[in-house]
Amino acid sequence: MDEARSPEREEWLLTLLRDLVDEAGPGKAAAQLGVDRKTLWRCLRSGRLTPRLAGALEGRLPAAERTASAQLRERVAVLERHLEAQAEELRAGVDSLRTGVEALDRAQAEALAQWERRLARVEANRTAGGGTPPASPSPAQGAAPQVVGRRPAAERPWRYHPELVTRAPEPDEELVYGEATPVIVRWRAAQVALRDSTRKFNRFDAEQRVLELEIVIIGEHGLTLPPVTYGWDEADRKHEVWKRKEALKALQAARERALKLRRVRRVLTLGLWWN
């Protein structure tokens, strides 16, 4: 049996014949193919085509293949529109969540600032009334607050909020952050990579790296990330870690959908489409 009449080819021709019979009826199908109805029924029952019938079906294949290709492209277009709509909904949801979280952070920061101002007024009143204010720690006294690092306190530069991570490196910061310093350095580099990413999948990977490092910085080292200006307590840190884990799940799902869409596009464009 030659290549044109391989089992796969003959099965495809039989499928085309059955579709034609279903669409036009046996009489019209036989007339279109130039055979009688008995020959048509005999081929359908036996599953074997006569050379004449096979040749007639071969002549109809280009049109049938074009129709199948058009149907495939339409299904892919529908899938692409569906995926894009889902991605847009996801982006809108993430933006809304980020806006709400930022508003909550600002409200918490303002509340803390109000308490600090009230405390300052109370201390000022006590001083004015002859009370002795509590001694303030200073670098010279070696009374810097406890921080993540495990070195003696006298070696650490004094900071009012040592648990706050800065966006830019500072002198002797390893004495403040201790074991968390290498992670913070990688986090800053990941932030730069995210900002400079222009291709979709590079941005996916950079954003995932930032989230993973932030989970470590907050959850394992107990530090607070900018733009917050006060230290998170344990409940705050747990909430911040949870938020980033949820964002990580959503990011991974979006990346998987984008990857599936890219594979479909590459198939349709014979590998010419890469993004």
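A: Helices here are DSSP runs of H or I with at least four residues, strands are runs of E with at least two, and both are numbered from the N terminus. This is a predicted model, where local features need pLDDT of at least 70, side-chain atom pairs count only at pLDDT 80 or more, and totals for chains, interfaces and linings use all residues. Residues are numbered from 1 along each chain as its sequence is written, and side-chain values use heavy atoms, with hydrogens and water left out.

Q: OK, how many helices and strands does the chain have?
A: Eight helices and zero strands. Walk along the sequence and you read α-α-α-α-α-α-α-α.

Q: What do I look for in the peptide bond from Pro226 to Pro227?
A: Start with the background: most residues other than glycine have a negative phi, and most peptide bonds are trans. The bond from Pro226 to Pro227 is cis, with omega near 10 degrees. You'll find Pro227 in the loop between H7 and helix H8 (234-268).

Q: And what is the phi of Asp172?
A: Positive, at about 60 degrees, although Asp172 is not a glycine. Asp172 sits in the loop between helix H4 (51-128) and helix H5 (174-177). With a relative accessible area of 44%, Asp172 is partly exposed (buried means under 20%, exposed over 50%, partly exposed in between, using a 1.4 Å probe and protein chains only).

Q: How do I read a helix pair, and at what angle do H6 and H7 cross?
A: The axes of H6 (residues 181-196) and H7 (residues 200-219) come within 9 Å and cross at roughly 155 degrees. Therefore H6 and H7 are roughly antiparallel (under 35 degrees is roughly parallel, over 145 roughly antiparallel, 65 to 115 roughly perpendicular, the rest oblique). H6 passes H7 in a left-handed crossing (the near helix is turned anticlockwise from the far one by less than a right angle; clockwise is right-handed).

Q: Which residues of H6 and H7 make the contact?
A: H6 brings Val183, Ile184, Arg186, Trp187, Ala190, Gln191, Ala193 and Leu194, while H7 brings Arg203, Ala206, Glu207, Arg209, Val210, Leu213, Glu214, Val216 and Ile217 (contact means heavy atoms within 4.5 Å). Sorted by class, that is 11 nonpolar, one polar and five charged residues (Ala, Val, Leu, Ile, Met, Phe, Trp, Tyr, Cys and Pro are nonpolar, Asp, Glu, Lys and Arg charged, the others, Gly among them, polar).

Q: At what angle do H1 and H2 pack?
A: H1 (residues 7-24) and H2 (residues 26-33) pack at about 125 degrees, with axes 7 Å apart. That angle makes H1 oblique to H2. The crossing of H1 and H2 is right-handed. Leu17, Leu20, Val21 and Ala24 of H1 touch Pro26, Lys28, Ala29, Gln32 and Leu33 of H2.

Q: How far apart are the axes of H1 and H3?
A: They lie 11 Å apart, and H1 and H3 (residues 37-46) pack at an angle of about 125 degrees. H1 is thus oblique to H3, and H1 passes H3 in a left-handed crossing. On the H1 side, Leu14, Leu17, Arg18 and Val21 meet Leu40, Cys43 and Leu44 in H3. This contact of H1 with H3 has six nonpolar residues, no polar ones and one charged.

Q: Which residues touch the most other members of the largest nonpolar core?
A: In general, nonpolar side chains in soluble globular proteins tend to be buried together. Of the 29 residues in this core, Val165, Tyr177, Ile184, Trp187, Ile217, Leu223 and Leu225 touch the most other members (a nonpolar core joins buried Ala, Val, Leu, Ile, Met, Phe, Trp, Tyr and Cys through side-chain atoms within 4.5 Å). H5, H6, H7 and H8 are the elements giving two or more residues, and H7 has the largest share, nine. Apart from this core lies another of 16 residues, among them Leu16, Ala29, Ala30 and Leu40.

Q: Is Val176 buried or exposed?
A: Buried, with a relative accessible area of 2%. Val176 lies in H5, and its C-alpha is 8.5 Å from that of Arg159, 17 residues away in sequence.

Note on methods:
Axes are lines fitted to C-alpha atoms, for helices over the stretch in contact, and angles run from 0 to 180 degrees between N-to-C directions.
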